[in-house]
Amino acid sequence: GMIFTKGILEIPKYGFLNIHASLLPKWRGASPIQSAILNGDKETGITIMLLNEKMDEGPILAISNLKSQISKLTYKELEEKLAEIGGKLLVETIPKWINGEIKPQSQDHSQATYCKKITKENGLIDLNNEPPEIIDRKIRAFTPWPGAYTFIGGKRLIIAQAEIKNTSLKIKRVKPEGKNEMIFEDYLRGNADENFKKYL
């Protein structure tokens, strides 16, 4: 998250290489993985770039698309897949870069999109008014942190797992405030609320 000055950037002979978890120039910033999920992106990947004095705007050395479908993945699952791709791509890229086999490619700045640092407040969901697909994306993007949550009786209820069936949101696992994660059906047995039974 640090922007280096020109003096520091010029110290290493081959510059600073950065692994970024998106297909730049899309999703520059602090939360590219969550943003890809929240936006319902069909694809994402890894970009290896040279750092410059601006945020994620440096020239690209290598890029690799994630081949598998990401529309069902959680943040943790997607992060693990991208980390594996990024490690392999970096190992391939470094010797080519040092040997002069790679010509840096400028990003198309006109196509840039940006994402912000995730805060706890971003996890709040509105079960009554938000579309099921948006809630599903929030749950996948914000698990394990900050958690996608709502309030019942003034207490926070984190929705840890859900799925969409026949265009409806079906909650599978929840974590009540101050308690361990549990199956949603078990939670309802001790917290009778007719409004929430429709999510079974």
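Among contacts in the protein between residues at least 6 apart in sequence, what percentage join residues at least 24 apart? In this predicted model, the share is 58%, a contact being defined by heavy atoms within 4.5 Å. Residues are numbered from 1 along each chain as its sequence is written, and side-chain values use heavy atoms, with hydrogens and water left out. Local features need pLDDT of at least 70 and side-chain atom pairs count only at pLDDT 80 or more, whereas totals for chains, interfaces and linings use all residues.

The C-alpha trace spans about 65 × 30 × 30 Å along its principal axes, and the protein has 6 helices and 9 strands, taken as DSSP runs (H or I, at least four residues, for helices; E, at least two, for strands) and numbered from the N terminus. Of the 200 residues, 38% are buried, that is, under 20% relative accessible area with a 1.4 Å probe and protein chains only.

An open sheet is formed by 4 strands in the order β6-β7-β8-β9, with antiparallel pairing, where two strands pair if DSSP finds at least two bridges between them. Its edge strands, each pairing on one side only, are β6 (149–152) and β9 (182–183). Strand β6 is joined by 4 bridges to the antiparallel β7 (residues 155–165), and Y149 stands opposite I158 in β7. Helix α4 (residues 132–141) packs on this sheet and touches β7 and β8 (168–176), its direction making about 115° with that of β7; axes are lines fitted to C-alpha atoms, for helices over the stretch in contact, and angles run from 0 to 180 degrees between N-to-C directions.

How values were computed
Buried < 20%, exposed > 50% of the residue type's maximum accessible area, 1.4 Å probe, protein only.
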